[in-house]
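Below is a brisk report on one structure. Read it with the sequence and the coordinates open.

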Amino acid sequence: MEGSDYYKRSSYEVEGAESKEMGKAVSMSAYDLVMRVLAFVLTLSAAIVIAADKQTKVIPIQLSDSLPPLYVPLTAKWNQMSAILYFLVTNAIACTYGALSLVVALVNRGKSKGLWTLMTVLDAIMVALLFSGNGAAAAVGVLGYKGNSHVNWKKVCNVFDKFCGQMAVSIGVSLIGSLAFLLLVVIPVVRLHRRA
Amino acid sequence: MASTDKPVDTEYSRPTSSAQPHAGVDLFKFDVILRFLLFAASLVSVVVIVTGNETKFLPMPRPAKFRYSPAFVYFVAALSVAGLYSIITTFASLYAIKNPAVRAKLLLHFILWDALILGIIASATGTAGGVAYVGLKGNKHVNWNKICNVYDKFCRHVGASVAVALFGSVVTVLLIWISAYSLHSRVPK
């Protein structure tokens with residue numbers, strides 16, 4: 001902290017050209033902070049939406065033609081499907097990382113070089129995690145919507161319509177959140193390249 | 001650590017920057033190796049999943065093919081794109097070793113497109129992995145029976161393919177890392 005303050009002061013005093021560079025660096029970190037807040041909020045809301053996703057329906061089951069149908073309450077919940085569980089966990093990890101990196105970026109303000117590289121790599125890992133979680137949840141969601149006749153997996157979204165709709169919303173929000181992480185990797189690099 | 005370096009840099013940056021125009025670290029040899037690994041990984045995973053077709057007689061012939069599931073079709077398409085991309089960028093990286101003038105520009109494009117390809121490979125891995133897990137374990141809540149007890153060879157191929165694709169996404173993260181590191185080392189203080 002002390003060293004970077006010294007650096008800032010000396011660069012402002014030594015020449016005007018350097019101070020313009022510093023202004024660019026500050027605006028870069030402001031953009032960075034906005035994007036991190038966005039990524040944090042989006043992944044958090046995706047995790048909350050999927051965790052609150054629960055639907056109970058009373059399904060008539062015809063055991064035999066002569067008897068009246070049996071009414072059984074069935075519940076769809078996120079923890080019944082491993083892919084949705086994975087989706088929730090990746091969103092929770094990305095949300096936690098978003099909050100932590102927001103604090104680190106606030107303290108650091110884009111000064112430390114090693115930390116910048118580390119955060120780029122961690123952002124890229126979050127992109128990978130979120131995209132894989134989105135892919136897994138979307139694949140299971142498509143199976144739920146369409147079923148698969150080859151392996152005799154019936155579609156379930158005609159029964160649990162609200163559950164599937166809420167899951168689709170959650171996947172969409174999480175996808176926008178992962179695009180925010182992607183932009184966190186890409187746009188600082190473009191700005192950095194202008195200075196290189 | 002880095003903050004103690006900063007005052008030294010402000011004092012010494014002027015002479016070094018006039019002596020050499022910010023060559024930065026040169027990691028293009030590692031870059032070529034990693035890109036070739038990415039190519040090999042995507043090729044292997046596409047070949048393995050495509051050759052996994054299996055027909056069982058129970059007693060009617062019932063084939064299992066990757067194109068029966070949209071998730072596996074997406075997986076094959078995404079990994080093919082990644083393989084093509086890695087061929088092109090391997091040659092671009094080799095060109096950069098010969099011709100240092102294009103390096104800064106190339107590093108920028110590498111990071112942009114690597115991040116996109118990372119998203120594609122990771123989502124394909126997640127998609128195929130999610131469906132393969134349902135196939136392996138089944139799901140009693142929605143009455144989806146497991147199929148891997150019947151189609152064992154098909155499932156082994158899918159599992160191996162997903163594992164290799166996971167390795168490919170790790171390689172892509174490493175590619176972004178070394179590109180970001182060497183681009184940052186070129187920035188003047």
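Two residues are in contact if their C-beta atoms, placed from the backbone, lie within 7 Å. By that test, residues 24 or more positions apart account for 75% of the contacts in chain A with a separation of 6 or more. The model is predicted.

## Two chains, element by element

Chain A holds five helices and two strands. Along the sequence its pattern is α-α-β-β-α-α-α. Chain A has 196 residues, and 40% of them count as buried.

Chain B also comes to five helices and two strands. From the N terminus on, the elements of chain B run α-α-β-β-α-α-α. Chain B has 189 residues, of which 42% are buried. For contacts in chain B with a separation of 6 or more, residues 24 or more positions apart account for 81%.

## Annotated spans in chain A

An unreviewed UniProt entry lists four stretches of chain A under "transmembrane region": residues 33-52, 83-107, 119-145 and 165-190. Two of these can be checked against the model's geometry. Residues 83-107 of chain A are 100% helix and 0% strand, with end C-alpha atoms 36 Å apart. Residues 119-145 of chain A are likewise 100% helix and 0% strand, and here the end C-alpha atoms lie 38 Å apart.

## Helix H2 of chain B

Helix H2 of chain B covers residues 28-50, which is 23 residues. From first C-alpha to last, H2(B) reaches 33 Å, close to the 33 Å expected at 1.5 Å a residue.

Which residues of H2(B) are buried? They are B:Phe28, B:Asp31, B:Leu34, B:Arg35, B:Leu38, B:Phe39, B:Ala41, B:Ser42, B:Ser45, B:Val46 and B:Ile49. The cover over these buried residues includes H3 and H5 of chain B.

## The hairpin of chain B

Strand S1 (residues 54-57) and strand S2 (residues 61-64) of chain B pair in the antiparallel sense. Four bridges link S1(B) and S2(B). A hairpin of three residues joins S1(B) to S2(B). Within the pairing, B:Thr55 stands opposite B:Pro63 in S2(B).

## Helix H4 of chain B

H4(B) has 35 residues. Its first and last C-alpha atoms are 48 Å apart, close to the 51 Å expected at 1.5 Å a residue. Of the 35 residues of H4(B), 26 are buried, so H4(B) is largely enclosed by the rest of the structure. After H4(B) comes B:Gly138, whose phi is positive, near 75 degrees.

## The contact between the chains

The contact takes 49 residues from chain A and 46 residues from chain B. On the side of chain B that touches chain A, four helices each supply at least two residues: H1 (2-19), H3 (70-98), H4 (103-137) and H5 (152-186). H4(B) gives the largest share of that side, 18 residues. By class, the side of chain B that touches chain A has 27 nonpolar, 17 polar and two charged residues.

## Two residues at the contact

B:Leu108 lies in helix H4 of chain B. Is B:Leu108 buried or partly exposed? B:Leu108 is partly exposed, because 19 C-beta neighbours fall inside 10 Å, while a buried residue needs 20 or more. Leaving out residues up to four places away in sequence, B:Leu108 touches A:Val189, A:Val190, A:His193 and B:Leu183. B:Leu108 and B:Pro70 are 38 residues apart in sequence, and their C-alpha atoms are 34 Å apart in space.

A:Ala124 sits in helix H4 (residues 113-146) of chain A. A:Ala124 is buried, because 28 other C-beta atoms lie within 10 Å. Which residues does A:Ala124 touch, not counting those up to four places away in sequence? They are A:Val185, B:Ala115, B:Leu118, B:Val173 and B:Ile176. A:Ala124 and A:Ser112 are twelve residues apart in sequence and 19 Å apart in space, C-alpha to C-alpha.

Key:
Residues numbered from 1 in each chain as written. Chains lettered and ligands numbered in written order. Predicted model: local features only at pLDDT ≥ 70, side-chain atom pairs only at ≥ 80, totals over all residues. UniProt positions renumbered as here; feature names shortened; annotations may be inferred. Nonpolar A, V, L, I, M, F, W, Y, C, P; charged D, E, K, R; others polar. Buried ≥ 20, exposed ≤ 12 C-beta atoms within 10 Å, placed from the backbone. Expected span 1.5 Å × (residues − 1). Pairing = 2+ DSSP bridges.
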